[in-house]
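Please keep the sequence and the structure in view while reading.

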Amino acid sequence: MAKLPLQFRLNGSDRATFVDPASNLLDTLRRGLGDFGPKYGCGQGTCGVCTVLVDGEPQLACLTLAVSCEGRQIETTSGMADGPNLHPLQDAFMDHFAAQCGFCTPGMLTAARALLAKNPQPSREEVVEAISGNICRCTGYEPIIAAILAAANAPGARRA
Amino acid sequence: MATMEMRKDLFADERDDNLNVIGKGVQRQDMPGHVTARTRFFDDHAFDGMLHLKVVRSPHHHARIRAIDTSAAERAPGVKRVLRGADVPVNKNTLLSLINFGKDDEPSLAVSKVSYKGEPVVAILADSEAQALAACKLVRIDYDPLPAVFDVEETLKPGAPVVNETYPGNYFEYHERFDHQKLRFGDVERGFAGADIVMEHRYQMSPIEHAPTETNGSIAAPEQNGRYLVHSCAQGLFFALGTTAKIVDVESNQLHFIGGTVGGGFGGKVDSLTEPLAVLGAMLTGRPVRFVLDREEEMLYGSPRGAERIYIKDGLMRDGRIVARHIRSYFDAGAYTRLSSYAAIKCTAHVPGPYWIPNVASDIYVSYTNRCPSTAMRGFGVTAVDFALEVQMDRLAEAANMDPMELRILNAYRDGDMKPHRRAAKNTALVECVQVAAEKANWPLSEQAKRASSLIGGGAGERSQIPATQLDARGQIGRPDSRNGPVTQVLPAGTSRIAPSKQPVMEGARDGRATPTQVPRYEPQRPAAPPPPPAYQPAPPPYQPASSYSPPPAPPAPPPPVAPAQPQHGAVRFSSVFGTRRR
């Protein structure tokens with residue numbers, strides 16, 4: 001099958017590649033462009049570990065056709081830190097021990113980032129709702145919720 | 001970070017210095033990688049020219065394979081290689097063979113029959129995952145369905161379908177002599193006869209899927225000098241390395257395993273489910289090979305926690321003392337052993353729970369059924385029986401009209417109490433745990449229960465003694481009558497070691513079943529010819545009175561063949577499997 005050209009911005013850099021028309025965004029990011037931030041967990045849109053931001057909206061990369069991302073802004077956890085300076089959410093996740101095996105962490109951070117961009121002072125219920133599509137099988141939800149609430153109150157948190 | 005309280009009054013024997021880390025918040029070394037997505041899990045590696053491996057799995061619970069036709073799949077676009085059982089150098093393995101425990105019983109790719117739905121039969125290596133999946137649909141396998149058995153007790157009955165040809169009785173054979181793990185301490189029957197209340201209940205657990213967020217998988221790639229690099233999800237990296245080396249028949253120093261980042265394991269990543277075929281594929285194609293289970297395969301083929309059926313029979317006095325406990329449990333191994341043989345040993349070591357009971361017996365079976373093989377998961381062999389034991393304790397409290405917390409304090413081990421395993425309990429703390437839990441829950445306890453202590457009342461008189469113990473021949477393989485056999489021996493009080501029966505496995509006639517298939521065992525260190533099986537030896541005299549007990553005469557078995565000592569890989573770690581003590 002003929003491949004199609006595809007261009008988008010990934011974490012602030014212009015990227016161009018050729019994709020199979022049936023490729024999803026997850027395979028394109030991981031196998032095509034070498035960004036291993038988003039993970040494969042189920043391929044069915046149920047676990048949330050592949051969550052990325054497409055034009056600021058959280059989307060499940062495993063259910064997103066790669067060609068639908070032409071010209072869009074894609075952001076992943078790999079581009080979240082500003083050089084050596086961690087994003088306040090990353091600092092808060094470290095301070096609150098909000099990762100155990102670490103596999104759900106990139107998706108959790110992305111879901112939290114989308115939440116704080118829209119709602120800088122979320123309630124606990126809003127935090128729970130925002131990460132309800134992200135499964136943590138190590139069941140460390142409480143430290144994750146605490147970390148997101150703490151980041152919301154930290155200086156610089158509004159920088160999405 | 002909240003700090004924890006170290007109750008040094010309870011753990012006086014533990015280290016007495018002040019702890020620098022426990023109870024304090026210390027940053028984990030892997031946390032910066034996790035929050036920046038720089039942690040590399042096994043699948044986070046790119047290789048040029050990587051092939052994708054997918055597996056054709058059995059749609060049947062139990063079926064004979066009449067024929068396999070892979071010709072169309074081999075011609076499919078992108079397919080580089082098709083693997084069948086005959087391509088696997090050592091196509092029969094059991095995980096604990098690394099410590100020489102148990103017989104090889106599980107093929108990497110099924111050859112003549114499948115024993116559970118999801119069992120792998122054919123592997124396809126193709127340029128893309130989509131091509132491999134498309135080619136899987138072109139494989140034609142002609143099955144002849146067989147009757148299947150799913151119940152842990154039904155499978156032990158004569159006439160049940162044989163699930164696993166290596167263990168034709170459908171039970172794991174311990175030391176090639178016993179059909180279960182057995183514990184005897186005192187005389188439970190006399191205990192029940194003297195009890196005010198005798199209560200028996202049945203507990204049934206379900207299998208539990210680990211469901212790690214990262215599915216099982218690995219990537220194998222040829223390195224220089226005939227070595228293979230393997231990025232693995234394994235929880236036990238050297239366990240996976242040893243298993244892979246055996247199955248693909250290479251020296252372990254030809255394998256370079258990289259791991260340590262596991263995207264959720266919980267016990268479900270100890271089985272080396274993908275590494276052997278990934279390495280074999282890389283060897284046969286010279287290309288990097290990625291073999292990752294999808295979510296459905298993880299559920300079908302990734303082992304769950306084995307379901308257990310547990311019967312607990314207790315003798316209870318009206319004052320709340322438990323005087324006898326008999327536990328019978330069946331551990332559902334599924335179709336192959338994996339780690340279930342170890343689960344039953346752990347279970348036996350755990351009963352009768354944290355309680356001093358003067359008469360204890362337990363019989364723990366590993367049953368094969370036509371279900372997905374089960375394996376390790378967070379306290380496997382212990383958690384299920386604990387659930388059963390503690391529900392039983394609540395029922396006993398109700399029967400004795402006692403507070404359940406008080407019943408536990410009354411029966412809890414105290415320091416110095418003799419356990420049925422013939423070792424003294426030490427550093428016991430159940431009494432204090434219950435007291436603290438009751439306090440935190442505002443649960444009223446009697447003054448007597450509040451004053452109780454693990455340091456008081458234990459290890460004296462009857463509580464410190466090994467009682468005279470009833471033995472029977474139940475569970476010896478090759479004795480069709482043995483499972484319900486009568487008492488054959490009484491060990492006098494104080495006997496700490498029971499000499500195991502040396503009776504060999506009899507040929508044929510196991511519970512009236514056909515002669516078992518002889519499955520060659522993997523024996524890398526031995527010369528070619530195996531020693532002939534020892535001749536049948538009659539059982540020792542069935543009954544010896546307690547007063548004149550002497551050890552049964554050793555059967556005149558032929559001298560053991562002179563063989564070089566086998567390496568005991570990891571024996572220290574798993575020493576409980578052999579019953580050897582760790583010091």
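In what follows, Ala, Val, Leu, Ile, Met, Phe, Trp, Tyr, Cys and Pro count as nonpolar, Asp, Glu, Lys and Arg count as charged, and the others, Gly among them, count as polar. The structure is a predicted model. By these classes, the lining of the second largest pocket divides into 20 nonpolar, twelve polar and 17 charged residues.

- The volume of the second largest pocket is about 1600 Å³.
- Its lining comprises 49 residues, and those closest to the centre of the pocket are D27(A), H52(B), S128(B), E129(B) and A130(B).
- In chain A, the elements that give two or more residues to this lining are β2 (13–19) and α1 (25–32).
- In chain B, the corresponding elements are β1 (51–57), α3 (129–136), β12 (289–292) and α7 (295–300).
- The element that gives the most to the lining of the second largest pocket is α1(A), with six residues.

**Cavities**

- Five cavities of 30 Å³ or more are present in the structure.
- The largest cavity has a volume of about 250 Å³.
- Of the 20 residues that line the largest cavity, E106(B), S108(B), D271(B), S272(B) and Y301(B) lie nearest its centre.
- Two helices of chain B, α5 (237–248) and α6 (275–285), are the elements that give two or more residues to the lining of the largest cavity.
- The lining of the largest cavity divides into eleven nonpolar, five polar and four charged residues.
- The second largest cavity holds about 70 Å³ of space.
- Residues of both chains line the second largest cavity: R30(A), K39(A), Y40(A) and F103(A) are joined there by F41(B), F42(B), D43(B), D44(B), E214(B), T215(B) and V292(B).
- This lining has five nonpolar, one polar and five charged residues.

**Helix pair in chain A**

- Helix α2 (residues 88–95) of chain A and helix α5 (residues 141–152) of chain A have axes that come within 8 Å and cross at roughly 140 degrees.
- Because of that angle, α2(A) is oblique to α5(A).
- The crossing of α2(A) and α5(A) is right-handed.
- On the α2(A) side, P88(A), L89(A), A92(A) and F93(A) take part in the contact; on the α5(A) side, I144(A), A147(A), I148(A) and A151(A) meet them.
- The residues of this contact divide into eight nonpolar, no polar and no charged.

**Helix pair in chain B**

- Helix α9 (residues 383–399) of chain B packs against helix α10 (residues 404–411) of chain B at an angle of about 105 degrees, and their axes are 9 Å apart.
- The two helices α9(B) and α10(B) are therefore roughly perpendicular to each other.
- From α9(B), the residues E390(B), M393(B), D394(B), L396(B) and A397(B) meet P404(B), L407(B) and R408(B) of α10(B).
- The residues of the contact of α9(B) with α10(B) divide into five nonpolar, no polar and three charged.

**Backbone features in chain B**

- V351(B) and P352(B) are joined by a cis peptide bond, with omega about 10 degrees.
- P352(B) is placed in the loop between α8 (340–350) and β15 (360–368) of chain B.
- A37(B), a residue other than glycine, has a positive phi near 60 degrees.
- The loop between α1 (31–36) and β1 of chain B contains A37(B).

Technical notes: Residues numbered from 1 in each chain as written. Chains lettered and ligands numbered in written order. Predicted model: local features only at pLDDT ≥ 70, side-chain atom pairs only at ≥ 80, totals over all residues. Heavy atoms only, no water. Axes fitted to C-alpha atoms, helices over the stretch in contact; angles between N-to-C directions. Helix = DSSP H or I, 4+ residues; strand = E, 2+ residues; numbered from the N terminus. Parallel < 35°, antiparallel > 145°, perpendicular 65-115°, else oblique. Left-handed = near helix turned anticlockwise from the far one by under 90°. Contact = heavy atoms within 4.5 Å. 1 Å grid on protein atoms, 1.4 Å probe; cavity = no way out; pocket = protein on both sides within 12 Å on 5 of 7 lines; lining within 4 Å. Points joined across faces, edges and corners; volume = space filled by probe spheres on them.
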